[in-house]
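Take a walk through this protein model, one stop at a time. Keep the sequence beside you as you read.

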Amino acid sequence: MTTLVLHRGSLRANPYEKWLDGLDTDLVLLASAEQLKLNEEELPTHAPYVHAEALDDYDHGAHVARRAAELVERYGVSDIVACQENDIERAALLRRRFGLPGQQPESAVPYRDKWVMKRTATAAGIAVAPHALLGSTDDLDAFVAEHGLPVVVKPRRGAGSIGLRILRTEQEYAHWCEGAEPTDDAGEPAWLAEAYVEGRMCHVDGTVLDGGITTLWPSMYQYVLADYTDRKGRVDIALDASDPLAHRLKAFAERLLDAFGGGTDFAFHIEVFVTPDGDLVLCEAACRAGGAGVRDVQRAMFGFDPAEYPVRRQLGLPVGPTHRREPDRLASQLLFTRRPGRLRALPDPKTLPDGVVKYHCFAGIGDEIGEACHSGDFLAAFVIAGADRAQCETRVRAAEAWFLKGLRID
């Protein structure tokens, strides 16, 4: 038995050999060279890995799928594991080509192709913002003529808010059009335009195991997700069970999962706008664990990594209870994105405020730091737990003040 792992991100955060402990399988790893460099990691050379390599231009290069297919054939791969956004559809297409088990393109594409995503949601009666495919800047001109500014433009198969722009002024609009390349190498529309939705952003995260929902819980961002140059703390807090909005968001997510599908074992991350009138409007949905610390929040609430359990169940390994469960406690995250300058000082971690269950700084004293380039490009991250939302929020504000008081960047 041989398992191909398609991987983007940190290997430390995704210890596949530990996740698959107890399974008699060899591991073949195909990873992102850029991400290994960013995370200062090396390819594994120990068992159960029998082959590991990294490729440049991993996110978008067609050569990645070709190389993965070669590895499937060379090593007689029987299963493919893919936990990150850019690998979901890639893995599904490989499974279909080689007759392998796991998620197939029919349920993968609606979570990856934002055009198909919106059409699938609309067909199920789920509200979405007005939107259009952009094959040229003329298409955007027509869309803006109908819906006005601001307008949101995003890559059709993007992730992590990379490339997303909110064009609020005529100047921003003209500047984007000047450098736009609306089609991909095959001549297909590569961008989506959406009408800007006023309101708060919430998200619903959880897991499906053995075909049934095992965890599902809503949270609310206290910041604009796409504005990753914001210098304040970015706060994201789970909603109380008694909050009427929590009940509405859970029902919304259940309806979407029923319409989209997604295989028998997967994590999900669903972003939802709550308009000033209280309407729920789908932003995006993904069939993988949430990024930007969401996994750690879910682990604090439910006691397991939402990326790990679906991988174990996909390959037939046991996990904890697979029935629907409620969280043991609520949790939140506090994030600080990178900001340019030299890091001169940090607060003493021995003096962390109450409720902090995880704290990590992604830079050291003396490091030269660049500007954040995507929504998950962090300087520091906290996970903070509490009995309810009010206690979480109080503890978040204390941690924010603690960090900013001790931080110095020149």
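Pro48 sits in the loop between helix H2 (33-38) and strand S3 (49-55). Helices (H or I, at least four residues) and strands (E, at least two) are DSSP runs, numbered from the N terminus. The peptide bond from Ala47 to Pro48 is cis, with omega near 10°. This is a predicted model: local features need pLDDT of at least 70, side-chain atom pairs count only at pLDDT 80 or more, and totals for chains, interfaces and linings use all residues. Residues are numbered from 1 along each chain as its sequence is written, and side-chain values use heavy atoms, with hydrogens and water left out.

Next comes Asp57. It lies in the loop between S3 and helix H3 (62-75).

Move on to a pair of helices. Helix H5 (residues 105-112) packs against helix H6 (residues 114-123) at an angle of about 100°, and their axes are 5 Å apart. Axes are lines fitted to C-alpha atoms, for helices over the stretch in contact, and angles run from 0 to 180 degrees between N-to-C directions. That makes H5 roughly perpendicular to H6. The cut-offs are these: angles under 35 degrees count as roughly parallel, over 145 as roughly antiparallel, 65 to 115 as roughly perpendicular and the rest as oblique. Which residues of H5 and H6 meet? Val109, Pro110, Tyr111 and Arg112 in H5 meet Lys114, Val116, Met117 and Thr120 in H6. Contact means heavy atoms within 4.5 Å. The residues of this contact divide into 5 nonpolar, 1 polar and 2 charged. Here Ala, Val, Leu, Ile, Met, Phe, Trp, Tyr, Cys and Pro count as nonpolar, Asp, Glu, Lys and Arg as charged, and the others, Gly among them, as polar.

Now look at a sheet. Strands of a sheet pair through backbone hydrogen bonds, either parallel or antiparallel. Here 4 strands form an open sheet in the order S5-S8-S6-S7, and the pairing is antiparallel. Two strands pair if DSSP finds at least two bridges between them. Strand S5 (131-134) and strand S7 (165-167) are the edge strands; each pairs on one side only. From one strand to the next, the twist averages 25°. Inside this order, 5 bridges join strand S6 (residues 151-155) to strand S8 (residues 191-195). Pro155 stands opposite Trp191 in S8.

H6 packs on the sheet and touches S5, S6 and S8; its direction makes about 150° with that of S5. Helix H7 (residues 137-147) also packs on the sheet, touching S5, S6 and S8, and its direction makes about 165° with that of S5. Pro150 lies in the loop between H7 and S6. A cis peptide bond joins Leu149 and Pro150, with omega about 0°.

Where does the chain leave a space? The largest cavity is lined by Asp205, Gly206, Phe268, Ala289, Gly290, Val294, Gln298 and Pro306. A cavity is a set of points, on a 1 Å grid over the protein atoms alone, where a 1.4 Å probe fits but cannot get out; lining residues have an atom within 4 Å of a point. Strand S9 (200-209) and helix H10 (294-302) each supply at least two residues of this lining. By class, the lining has 4 nonpolar, 3 polar and 1 charged residues.

Methods. 1 Å grid on protein atoms, 1.4 Å probe; cavity = no way out; pocket = protein on both sides within 12 Å on 5 of 7 lines; lining within 4 Å.
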